[in-house]
Amino acid sequence: MKFSKMQGAGNDFLLFDGVKNKYENYSEMARKLCDRRYGVGGDGIMIAEESQIADIKMTYYNSDGSKGEMCGNGIRCFSKFVYEEGIIKKNKIIIETGDGIKEARLTISGEKVDLVTINMGKARLSSKEIPILTEKENVINEIISINGEQLKYSGVLIGVPHAIVISEDLDNVDVNGIGKIMEKNSLFPKGINVNFIQVLEKDRIKIKTWERGAGRTFACGTGSCSGVYIANLLDLVDKEVWVETEGGLLKIELQKDEIFMTGGAETTFKGEVIWE
């Protein structure tokens, strides 16, 4: 099987052309191929497949084999992949995802994609939709106890469920320890991505992420969008914000009721694996 290894803000993925080649058991593929010691290594896999409702369909699996509805950094890599591989030769690509239809706008130089802007759609705050097991309609700055520590968090659904924890000293937060426990807390029946953010300026934040199904990652596109959305809701940032992830810089813009994410993507190498 031929594949491209790509990264967006440090989030790395293996991408496959499922239009030309049909594969089976994506869950097992993701678990084995994403293993960083016995496989190729990655935060997840994406397969480009034919769509009846869009230009192309993005099928995504996390590194633990669980299926993901959406991936913000991943969809930028996916957009670059389908364009540069000649699967879809448009500078505006309509993509079917597990979270509905997304639009990718490509900035192209020659035959290479330099930047990708994704319309991430609307944020949803409903506890039932995220979901969070609570009687409250929305969860904003609510208390959760993790390892005896009382944390304030806010819940939001942008592609996938996110918890946002705002910190004044991000460098001293136990991201792995708290994130691992909070991801599987019984409050979150479908699990949750845990994002820790620190507001630097009205137009800049930094973020560290523990991803549902992948663990600690260098970046999370939907998490970055979620962090900016919640920080703006709390009047901590403006509507156009630069996000410093651990793997790179993203630009998030809130326009009316939609969220736009802009960033780069890079093909790190191409290869072939034997799959039995």
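User: Happy to start with Y23: is Y23 buried or exposed?
Analyst: This is a predicted model, where local features need pLDDT of at least 70, side-chain atom pairs count only at pLDDT 80 or more, and totals for chains, interfaces and linings use all residues. Residues are numbered from 1 along each chain as its sequence is written, and side-chain values use heavy atoms, leaving out hydrogens and water. Buried means under 20% relative accessible area, exposed over 50% and partly exposed in between (1.4 Å probe, protein chains only). The relative accessible area of Y23 is 14%, so Y23 is buried.

User: Thanks! How many aromatic pairs does a search of the whole structure find?
Analyst: Rings of Phe, Tyr and Trp (its six-membered ring) pair if their centres lie within 6.5 Å; planes under 30 degrees apart count as stacked, over 60 as edge-to-face and the rest as tilted. The search of the whole structure gives a count of six.

User: Which parts does the pair of F13 and Y60 tie together?
Analyst: F13 and Y60 pair edge-to-face, at 6.1 Å centre to centre and 70 degrees between the planes. Strands (E, at least two residues) are DSSP runs, numbered from the N terminus. Because F13 and Y60 lie in separate strands, the pair ties together parts 47 residues apart in sequence: strand β2 (residues 11–17) and strand β4 (residues 56–62).

User: And which residues form one aromatic cluster?
Analyst: F16 and Y23 make an edge-to-face pair, with 5.7 Å centre to centre and 70 degrees between the planes. F16 is buried, at 0% relative accessibility. The cluster consists of F3, F16, Y23 and F269.

Terms used: Helix = DSSP H or I, 4+ residues; strand = E, 2+ residues; numbered from the N terminus.
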